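Open the model in your viewer and keep the selection tool at hand. The stops below are meant to be taken in order.

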Amino acid sequence: MAIIRNKRRHGLVALSLILPFLAIFALVFAYPLYEVVRLSFTDAPLIGEGNWIGLDNYVRLFSDRIFYISIKNNAYFVVLTVIPTTLIAMVIALAVNRLSGRWQALALVLFFTPYVLPVSVVTQIWAWMLDFQFGVLQPVFTFFTGKPVPVFKNPYWVLPSIAVVTIWWTNGFNVLLILAGLRNIPTDLYEAAALDGATRRQLFARITWPLLWPVTALVLTLQLILQLKLFDQVYLLSEGGPFNTSYVLLLMVYREAFQLNHGGYAAAISLILFLLIAVVSVLQYQLLRIGRGKDT
Amino acid sequence: MHFRKIALATALSLSAAIGVATPAFAQQTVTWWDFLSGGDGVRMKALISQFNEEHPDIQVKGTTLEWGVPFYTKVRTSAAVGQGPDVMTYHLSRLPLGLSEGVLTPITDADLENAGLAKADFFPAAEKAAEGPDGTLYAVPFDIHSIVLYYNKSFLEGSRFLDDQGNLTGIESVGDFEEAMQTAADNGAETPLTYATGDDGGVYRVFYTLLAQQGGTLISDDGEILPGDSTEKAIKAVETMTKWQTEGWQPEQALYEASVALFTSGKSAFQLNGVWEVPTMKDLATAGTLGFEWGAVQVPKLMETQTTWADSHAFAIPVHGKDEMDPEKRKAVMTVIGWMEKHSIAWAEAGHIPAYKPVADSAEYAQMQPNATYATLADSATYDPRNDIAGVASPVYDASINILSPAMHGYLTPEDAIAQMKSELESRMR
């Protein structure tokens with residue numbers, strides 16, 4: 001009897017402890033999510049109620065040319081950023097790790113500073129550096145291509161340029177994560193291996209790389225989610241142009257919702273994006289874990 | 001010591017409270033939003049402060065927001081929840097979308113009476129553009145603005161394009177215009193013609209003018225995009241603009257400010273830009289820093305007919321969520337609008353043509369140069385298509401920067417560009 005009551009009390013205590021979280025989660029995540037799903041089956045404007053129209057938004061979405069262009073651009077951007085930024089972060093982290101004391105702190109500050117900047121500042125800096133008429137980087141383009149390139153107005157340059165800006169901006173955080181991973185590797189492993197005559201290359205391939213893999217996998221997954229959510233840089237630098245070569249799903253959501261007042265349709269697009277990110281990131285994380293399992 | 005301080009503070013705050021409450025009549029505060037940040041914004045602020053001085057019972061609190069999508073997005077969201085302004089500036093080209101969004105309140109005859117205005121006081125085209133499909137007025141037109149052709153006389157001296165008085169003459173076709181640009185280039189103009197080739201508005205206004213001059217229709221009344229031979233006319237318009245680009249007559253990817261600077265710094269002989277840059281030119285000429293003689297005329301007949309793109313700034317009263325505006329306040333708002341209309345001669349200084357005819361027909365306006373020279377364009381102007389997807393900050397503007405500008409710069413053929421524009425605009429219609 002006493003045990004049962006105790007169990008019940010335990011349950012109540014546990015419930016009361018998680019209740020604040022549950023309440024906030026329900027309020028700011030579950031309820032909005034439910035609303036998005038509901039909205040996506042209506043023809044609601046941005047603000048206000050709409051009529052139930054069943055699957056019409058989805059039917060329309062899957063025959064919308066811009067939707068496929070956006071998905072393609074999102075995928076291209078992921079290719080341009082996720083693996084490159086992880087590799088660059090790893091190289092920087094390995095280099096920083098060899099420094100010590102103040103120099104290491106200074107290097108970290110230098111690499112982390114861009115991450116602190118708000119996106120509008122970052123895009124302003126780069127828009128001016130790459131400005132067609134006055135940009136300080138235009139002589140570089142002139143040197144290689146023979147003439148200045150309006151990078152955010154050129155269909156071939158626009159996404160790679162936005163990728164460069166994005167990597168420059170967000171890389172510092174990845175460096176920190178990987179550096180933390182590096183510091184977690186016990187030094188005696190390296191000592192033992194060195195005594196056995198392992199070369200630098202072997203040290204990296206046999207110790208650093210496999211032991212760092214959990215962190216690398218985390219960085220890759222975080223980056224994948226982040227880069228699929230691309231919006232600010234495109235909105236501020238190219239507005240999706242020229243002729244939709246930098247149009248991405250979130251820009252489509254923004255245009256439909258805020259410019260054309262199609263709240264329901266925008267909800268359908270964002271739901272698809274949400275599902276896409278969820279599925280792709282879970283798949284990727286699982287794949288990376290399997291890959292790691294084989295290695296070790 | 002402490003006590004005295006507190007007593008003093010209390011006395012001060014008491015007197016402050018009384019000071020606010022002293023006017024026995026109810027003072028109305030009118031919240032005003034506009035998107036006017038250029039030379040015309042300065043003049044609008046002067047008008048507002050003059051109004052406030054003359055009306056102790058009505059105080060206008062003006063806020064300037066960013067032109068275009070940011071402004072209209074903010075208006076829609078704030079009006080829907082009842083946090084919008086009491087009066088705002090609005091583009092009449094944007095009215096169809098505004099009506100479908102349901103952000104505008106009808107301007108009744110009683111409202112007009114409160115403002116001391118009547119429908120017949122306005123240019124018919126502007127008044128028509130302010131009406132909904134059923135003839136209800138939803139905004140009070142304030143001006144008609146358009147693009148005009150600015151010219152720098154120093155590049156044309158001695159050529160057949162300046163008459164005895166030094167005014168622009170002899171441009172009656174694209175051929176003439178191109179010859180004039182070549183003449184200017186030979187006389188040392190770096191980029192003979194400037195407009196914002198890398199911005200939505202700059203590209204759209206020139207494109208729409210060239211299309212309208214051929215008698216083409218962008219969107220028909222029943223919602224067809226580029227019906228019939230309008231497609232070919234649109235292609236011809238893009239071809240013409242592309243030619244100007246490949247010949248090096250117009251700047252590559254010029255953003256708005258840069259395009260104006262090309263003209264004011266004397267590097268361009270011509271500028272196709274809005275009348276709103278007239279004050280900039282006047283101010284520079286008065287300050288003596290311009291360094292050349294300039295003029296502005298209605299865009300010449302480059303194609304078959306003489307017409308120019310035009311739009312109107314108007315005043316509109318947004319909905320306040322589910323609430324009705326207090327009648328006293330609405331009366332105050334209409335007083336503001338009526339006063340502005342009657343003082344719009346000051347607005348004409350900003351280059352715009354007053355939509356209020358008593359001012360546009362006044363002797364004072366007839367004296368104003370170059371305004372009076374190009375004022376005739378009001379009679380032949382072509383307004384934007386009456387459609388949800390047209391007007392300022394609309395998909396049509398997006399298509400201009402997204403598709404037409406790249407085509408001019410050689411990334412797409414004119415045929416491809418128009419085909420893409422057509423399918424894109426069709427997909428935006430619902």
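Start with chain A and select residues 12-34, 75-96, 108-129, 157-182, 203-226 and 265-288, which UniProt lists in an unreviewed entry as "transmembrane region". UniProt positions follow the numbering used here, feature names are shortened, and annotations may be inferred rather than shown by experiment. The model is predicted: local features need pLDDT of at least 70, side-chain atom pairs count only at pLDDT 80 or more, and totals for chains, interfaces and linings use all residues. Residues are numbered from 1 along each chain as its sequence is written, while chains are lettered from A and ligands numbered from 1 in the order in which they are written.

Keep residues 108-129 of chain A: the span is 91% helix and 0% strand, with its end C-alpha atoms 24 Å apart. Helices (H or I, at least four residues) and strands (E, at least two) are DSSP runs, numbered from the N terminus. Residues 157-182 of chain A are 96% helix and 0% strand, and their end C-alpha atoms lie 35 Å apart.

Next, select α3(A) and helix α9 (residues 200-228) of chain A. How do they pack? Their axes are 9 Å apart, at an angle of about 145° (axes are lines fitted to C-alpha atoms, for helices over the stretch in contact, and angles run from 0 to 180 degrees between N-to-C directions). Among the residues making the contact are F77(A) and T81(A) of α3(A), and V219(A) and L220(A) of α9(A). Two residues are in contact if their C-beta atoms, placed from the backbone, lie within 7 Å. By class, the contact of α3(A) with α9(A) has eight nonpolar, seven polar and no charged residues. Ala, Val, Leu, Ile, Met, Phe, Trp, Tyr, Cys and Pro count as nonpolar, Asp, Glu, Lys and Arg as charged, and the others, Gly among them, as polar.

Now show both chains: 22 residues of chain A are in contact with 19 residues of chain B. On the chain A side, α3 (65-98) and α11 (249-259) each supply at least two residues. That side has eleven nonpolar, seven polar and four charged residues.

Finish on chain B, which has 19 helices and twelve strands. Its C-alpha trace spans about 80 × 55 × 45 Å along its principal axes. Colour domain 1 (26-144 + 311-373) and domain 2 (147-310 + 378-428) of chain B separately; domain bounds come from an automatic or database domain assignment. The C-alpha centres of these two domains lie 28 Å apart. Their contact takes 26 residues from domain 1 of chain B and 23 residues from domain 2 of chain B.
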